[in-house]
Amino acid sequence: MCCPPSIPLPLARADASVEVLKALADPTRLQMIGVLKRSPQPVCICDFTAAFELSQPTISHHMAKLREAGLVEATKDGIWAYYRLNRKLEPKTRALLDVLV
């Protein structure tokens, strides 16, 4: 006789976890998270463009994916956007980042 397993993770939580994992699955985005994790101050998008030798639209695309996943937050100063890790990251997400970067 079969016993269906109990599902410990609510669907909404599973969806949120998948979005974070998808965002981190790209090598450039994972490196960007590492930069932000180690930076005491927000990092300008222009600095990412120079460091990764990628075009500004490509860097912005990567940052948009990280922002959509709730991993980063941005502030604008003139024409530049400055990024930092989201200050409201869940402890489990922070722990994951500690393991990954």
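In what order do the three strands of the open sheet lie? Select the sheet to begin: its order is β1-β3-β2, and the pairing is antiparallel, where two strands count as paired if DSSP finds at least two bridges between them. The model is predicted, so local features need pLDDT of at least 70 and side-chain atom pairs count only at pLDDT 80 or more, whereas totals for chains, interfaces and linings use all residues. Residues are numbered from 1 along each chain as its sequence is written, and side-chain values use heavy atoms, with hydrogens and water left out.

Next, colour β1 (43-44) and β2 (72-77), the edge strands, each of which pairs on one side only; strands here are DSSP runs of E with at least two residues, helices are runs of H or I with at least four, and both are numbered from the N terminus.

Move on to helix α3, where F48 and F52 lie four residues apart, about one turn of the helix. The structure holds one aromatic pair (ring centres of Phe, Tyr or the six-membered ring of Trp within 6.5 Å; planes under 30 degrees apart are stacked, over 60 edge-to-face, the rest tilted). F48 and F52 form that pair, which is stacked at 6.1 Å centre to centre, with 20° between the planes. F48 is buried, with a relative accessible area of 1% (buried is under 20%, exposed over 50%, partly exposed in between, with a 1.4 Å probe and protein chains only).

Finally, select E53, in the loop between α3 (45-52) and α4 (56-68). E53 has a positive phi of about 50° although it is not a glycine, and E53 is exposed, with a relative accessible area of 72%.
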